[in-house]
Amino acid sequence: MSSLAHRVRFGHALHAEWVKLRSLRSTWYTLACLFAVGLGITVLATGRAGERYASASAAERLAWDPTELSLTTYLVAQLIIGVLGTLVVTSEYATGLVRTSLAVTPRRHRLLAAKVVVAAAVAVVAGQALMFATFLIGQTLLAAQDVPYARLGDPGVISAVMGGGLYLAAIALLAIGLGTILRATAGALTTLVGIVFLVPGFAGLLPAWLEGLLDFWPTMGAAAVFKTVPSPDFPHPWLNLGGMCLGVAAVLAAAFVVFQRRDL
Amino acid sequence: MTMIEVRGLTKRYGLDTVVDDLSFTVEPGQVTGFLGPNGAGKSTTMKVILGLAAPTSGSVAVGGRRYRDLPVPLTEVGALLDAGAVHGARKARDHLLALATGNGLPRRRVDEVLARTGLESVAHKRAGEFSLGMRQRLGIAAALLGDPWVLIFDEPVNGLDPEGIRWIRDFMRSLAREGRAVLVSSHLMNEMAQTADHLVVIGRGKLIADTGMGEFLRDRGEGTVLVRTPEAAEFALRLTATGATVKEGPDASLVVSGLASEEIGKLAAYHGTVLSELTPQRPSLEDAFMELTKDTVEYQGATA
């Protein structure tokens with residue numbers, strides 16, 4: 001009945017999604033959990049590396065990759081950041097809030113894009129921060145045990161650390177896509193666990209024509225980015241990570257299509 | 001000016017036709033009651049109005065436009081479909097702030113609607129701690145954020161205590177007095193009688209009545225008359241002789257339909273019959289509504 005605003009822009013939807021995300025305690029608990037668990041695993045993974053190095057064979061010492069060792073925490077971190085991504089969408093389905101959100105932003109692709117951008121920004125920052133922190137803590141612990149360790153300036157290290165942060169952000173986006181398509185937290189997280197753990201676990205059982213996909217699969221080929229000593233199977237780890245990002249983009253595209261079409 | 005225009009709306013889910021060629025309008029300055037038994041298609045129609053469900057055919061316009069084409073939706077339409085649709089862990093104020101931000105509305109609007117719905121003191125509580133009545137208020141506060149011309153409420157008094165019901169009823173009346181168009185759905189006729197100026201009644205997705213409240217009462221108001229007399233059997237014969245229908249009422253009374261109380265009184269005077277009671281019975285609104293929709297109720301209980 002009054003002129004309160006003139007036209008709604010994407011920036012408004014973006015800002016609203018940020019208000020939603022930051023006003024939930026669960027967002028901050030999940031992030032705290034990401035760092036507590038993520039760094040805790042790093043301490044466990046590198047804390048006894050001295051013993052392992054002492055008993056390692058010459059070939060094993062040659063392949064010794066202190067960077068990768070300090071980044072293995074990604075295995076669990078990807079699930080926690082996946083929870084964060086999933087909840088951005090599924091918490092609205094669980095309560096029906098998504099209908100209110102669409103009453104505010106009736107252009108559906110705009111609403112979902114705002115969610116994706118805000119969650120991606122948080123995931124990129126959190127992913128990078130975690131990877132840098134885990135690298136520095138891991139290397140400090142390795143150095144204290146007198147085993148070879150890496151510095152940020154060493155060849156390939158920055159690439160592995162930053163690539164790792166991007167890997168985690170991509171998993172968060174994958175989770176948003178799954179959450180949008182499946183509309184339920186449990187279903188989306190189960191699917192995510194299936195993708196990052198079960199498929200790699202049963203990789204040997206896959207038919208040959210699917211094996212090519214594994215080069216770009218999370219926890220498998222795409223995880224080559226965490227190495228500084230390139231594995232002979234994946235000489236160009238960024239290509240593998242890029243392939244995974246394309247896959248994530250495909251899932252997100254499907255999410256946009258179903259979100260646009262579905263009745264709510 | 002017509003605020004909501006539903007034209008030939010049909011919505012099918014698979015083979016199920018939930019809304020069937022429905023047309024009606026909602027005008028400003030009045031409360032339009034959207035009435036029908038459960039499953040009649042009220043919620044679906046409201047979802048289509050808000051663009052949450054796509055019509056199979058037909059169209060819906062709000063202020064002449066599709067909902068999704070409104071430049072700033074909250075300033076034109078405020079809707080409360082489900083009071084439970086809030087994240088329980090989010091504080092009431094943050095919930096409203098997120099919605100206001102999404103339409104670029106000034107922050108002060110959040111405080112204004114909190115004040116208008118009497119929620120200031122609980123603005124910093126998490127919505128999950130709210131009672132149903134408070135959640136309804138929060139939903140209404142959200143609907144008012146953009147100070148819209150059109151308000152849509154789906155079963156707003158469902159599950160509320162009498163005080164809550166009265167508050168919502170008065171509130172809707174006051175919104176209509178301010179010149180807004182208010183569309184309220186309900187499956188309870190009596191509730192509408194005290195709130196609505198206009199009625200749109202549907203059953204199984206089809207329009208049954210689209211009429212003013214007063215007309216509705218008059219048209220459906222074919223009443224009966226309760227008659228008590230010591231000479232019941234004899235007088236009943238005389239009544240039937242005039243063409244009236246007589247049924248046995250409680251405590252040896254007669255329930256007469258088809259004859260006005262005045263006529264019955266004249267008849268009694270003519271024959272010198274002593275009447276101890278002569279009471280016109282207005283049909284309850286609920287009866288009128290049941291009568292109207294009895295063929296359209298999806299699952300009818302067997303009468304014992």
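Predicted model: local features only at pLDDT ≥ 70, side-chain atom pairs only at ≥ 80, totals over all residues.
Modeller: Local features need pLDDT of at least 70 and side-chain atom pairs count only at pLDDT 80 or more, while totals for chains, interfaces and linings use all residues. Residues are numbered from 1 along each chain as its sequence is written, and chains are lettered from A in the order in which they are written.

Biologist: Why is B:Asn190 called exposed?

Modeller: A residue is exposed if 12 or fewer other C-beta atoms, placed from the backbone, lie within 10 Å of its own, buried if 20 or more do, and partly exposed in between. B:Asn190 has 11, so B:Asn190 is exposed.

Biologist: What makes A:Ile81, A:Leu168, A:Ala172 and B:Leu96 stand out in the largest nonpolar core?

Modeller: Such a core is a set of buried Ala, Val, Leu, Ile, Met, Phe, Trp, Tyr and Cys residues joined through C-beta atoms within 7 Å. Of its 138 residues, these four touch the most other members. Helix α9 of chain A (a DSSP run of H or I, at least four residues) gives the most to this core, with 15 residues.

Biologist: Which residues are in contact with A:Leu168, leaving aside neighbours within four places in sequence?

Modeller: Contact requires C-beta atoms, placed from the backbone, within 7 Å. The partners of A:Leu168 include A:Tyr74, A:Ile81 and A:Leu130.

Biologist: How many residues does each chain bring to the contact between A and B?

Modeller: Chain B brings 37 residues and chain A brings 31. Helix α2 of chain B gives the most to the chain B side, with 6 residues.

Note on methods: Helix = DSSP H or I, 4+ residues; strand = E, 2+ residues; numbered from the N terminus. Contact = placed C-beta atoms within 7 Å.
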